Amino acid sequence: MNSLVLLTGSTITRTVLHRQLEEIIGDYVGITSFSIEEGLPGHPLENQFIVLSHKLAETIPSIQQCIGPGCKVISGKRIINYENIDKLLCYPTGTSIMFINDSLETCMETIESLQELGVNHLHYIPCYPGNLQFPKVEIAVAPSNFHQIPPYVKEVIRINPRLLDISTIIQILDHFHLTEPGNVVSQRYMRKIIQLSKRLVDAMQKANDSNHHLHQVLNGVNDGILAVNKAGYITVFNEELGHLLHVKPERVIGKKLLHVLDNPELVAFIQNTDKEEDRWFSLGQIEVVVHRFQLDTDQSSVATFKNARKTIELEKRLQLELQKKGYIAKYTMADIVGQSELLVATKEKTMKLAKTELPILIEGESGTGKELFASAIHNCSQRSKGPFLAVNFSAISEDLLESELFGYEDGAFTGAKKGGKVGLFEQANGGTIFLDEIGDTSLKLQARLLRVLQEKEIMRIGGSKIIPIDVRIVAATNKDLLTMINLGKFREDLYHRLKVLFLHLPVLRERAEDIPLLIESFMKRNGTEQIRIMPDVIGQLKAMPWYGNVRELKNTIDYMQAVCDGNLIRLSDIPNKNSFQESLRSVQSAPAATGYAAPASLPASFTFEDEELLSLLDALYAIRESGQIPNRKRLVDLSQTWRKPLTEQQVRHRLNLLEQRGYIHKARGRIGTTLTPSGVAMVQANRAKKPGM
């Protein structure tokens with residue numbers, strides 16, 4: 001039987017080449033192989049056909065000693081091993097690839113083989129032992145037995161030793177007379193070549209399909225997309241950008257950016273690699289917003305071009321969709337009418353609070369405009385483009401409220417919609433949710449709300465999946481939550497989570513100077529500016545307590561417009577006193593001068609104003625006890641330790657209320673303000689209820 005001896009340097013090369021020859025001629029030729037690593041024959045070979053793995057092997061003394069008389073020797077030419085070559089076809093043109101092998105010569109031969117095969121779209125960098133100053137490249141091709149790979153390399157493509165090329169195979173076949181037409185060995189080898197070609201074609205087709213898909217995606221985007229390599233050449237230019245610049249993409253890809261864009265400022269902006277940035281530019285008749293960022297992998301600059309007009313139209317459509325669903329904040333700061341010092345200060349504070357992302361608790365009596373301020377907060381915030389949802393806790397039943405807020409899964413309970421329902425917290429994602437009348441919710445629901453605030457996540461009723469949410473919470477109440485905490489009706493931990501930021505809305509009776517402006521605003525809104533109001537009517541309205549606040553004032557104006565004769569509102573058109581809301585205090589009328597029967601305890605509906613009036617009475621009493629004369633400055637100073645410190649204007653207003661109700665008597669000069677017997681009785685009764693008094 002014919003025989004062949006294969007001599008190689010390494011064990012793995014011997015194994016790979018032996019297997020290659022065995023597959024091709026193993027049925028006709030006996031193959032013996034040796035490697036220097038494993039050990040060569042101990043005596044010279046005689047009358048053998050010897051195949052060396054490389055022409056360099058001819059110069060190795062140990063190999064030369066193996067070649068005896070009568071031997072025919074050929075040095076094999078090698079070609080890249082086709083296994084894993086297809087992975088190289090998936091990298092974009094120009095990608096830098098570190099190519100590692102045992103010498104510069106083998107590196108260059110392998111690279112040349114790849115380029116001859118058509119895998120020539122990559123930038124190959126040869127690296128070999130003795131020249132291990134490897135570049136900072138994240139992809140490397142290396143022999144399977146090479147382990148000196150730099151740690152910064154993220155992907156290594158392992159290739160087996162190169163195979164014998166077709167010219168060497170033909171030499172071997174010729175020697176054994178196996179090249180005749182129709183020879184099974186020749187057919188077998190050609191089949192191998194065809195299989196290799198098919199693999200390369202399939203890989204190339206896959207890469208082409210991938211590129212075509214990516215091309216379709218880029219051209220399907222509504223924004224212009226541009227990529228420029230670090231040398232300033234355009235590598236990506238989609239069709240949308242072509243429409244914006246009136247140029248065909250295929251004509252500009254591969255050209256210098258400065259030769260395509262006739263705008264030096266824009267070119268400089270795109271090629272600036274300092275930081276990610278947005279800027280507005282004019283491209284002929286079109287205004288665009290350009291967003292620029294850099295790719296770390298190859299230092300390319302990428303820019304997206306948004307047509308400003310289309311973007312504005314899209315935002316308008318989005319706002320319209322939100323408005324159709326009712327998910328939009330209807331009011332802005334301009335809708336909050338009034339020029340009083342107290343209201344102006346409140347609006348200024350509101351705008352500062354709106355700029356943060358923290359929860360806000362709005363406190364104020366009924367009718368002071370809590371939803372109005374919540375809407376304004378949303379519209380002044382960074383979430384103004386997102387949804388705004390308002391939920392009134394006093395208007396929805398407890399069971400329904402929970403499913404509305406958190407949503408539910410399919411079959412969560414009897415009557416649940418098929419497919420489940422998305423809750424309001426999910427629908428408000430990216431925006432603001434306004435929880436009105438938060439004091440009316442149950443302890444059970446309070447516990448679930450606390451989790452939302454703590455974890456920024458919810459779980460639907462009947463579900464097991466945690467859903468993260470990005471929602472700002474603004475809550476409001478007209479109740480004294482601290483009193484409710486003491487009564488066990490409100491969770492203290494939830495209170496502090498809600499009241500990260502705090503806004504107290506002024507009552508109308510503290511800013512009576514705003515009443516004419518409010519009346520004017522109501523009449524403009526109603527389209528009834530032609531109706532005049534007599535000055536004495538305005539004066540009477542300004543003197544009223546307005547416990548229902550702005551809402552009550554609006555209802556009164558609407559009533560008077562409906563009942564007045566002609567286009568003039570007179571004093572007789574003001575509703576009778578039974579039509580107006582009274583104070584929520586347990587004692588509605590002013591006490592008799594002959595004494596006061598204090599209530600056993602403060603009711604749950606005790607208002608902030610009542611609390612302040614009691615504190616003010618107590619402060620007056622304490623100042624008198626110390627032998628000093630009360631004045632507004634002393635009272636303001638004392639109020640700094642209260643839950644809500646008072647201004648001089650607020651002290652003046654509350655002293656007027658105390659006098660109207662018969663608790664104090666104001667006098668000028670050395671006498672100052674004194675407590676009436678009813679006022680003294682009120683203070684003493686209040687002190688008697690406090691611990692340690």
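Helices (H or I, at least four residues) and strands (E, at least two) are DSSP runs, numbered from the N terminus. Axes are lines fitted to C-alpha atoms, for helices over the stretch in contact, and angles run from 0 to 180 degrees between N-to-C directions. The model is predicted, so that local features need pLDDT of at least 70 and side-chain atom pairs count only at pLDDT 80 or more, while totals for chains, interfaces and linings use all residues. Residues are numbered from 1 along each chain as its sequence is written, and side-chain values use heavy atoms, with hydrogens and water left out.

The axes of helix α19 (residues 515–526) and helix α20 (residues 535–543) cross at roughly 115° and come within 10 Å. The two helices, α19 and α20, are therefore roughly perpendicular (65 to 115 degrees) to each other. Contact (heavy atoms within 4.5 Å) is made by I515, P516 and I519 on α19 and by I538, L541 and K542 on α20. By class, five residues in this contact of α19 with α20 are nonpolar (Ala, Val, Leu, Ile, Met, Phe, Trp, Tyr, Cys and Pro), one is charged (Asp, Glu, Lys and Arg), and none is polar (the others, Gly among them).

Backbone geometry was also examined in two loops. H177, although not a glycine, has a positive phi of about 55°. H177 lies in the loop between α5 (166–175) and α6 (184–220), and is exposed (over 50% relative accessible area, 1.4 Å probe, protein chains only) at 58%. E437 is likewise not a glycine and has a positive phi of about 55°. The loop between β20 (432–436) and α16 (443–455) holds E437, which is buried (under 20%) with a relative accessible area of 14%.

Methods. Parallel < 35°, antiparallel > 145°, perpendicular 65-115°, else oblique.
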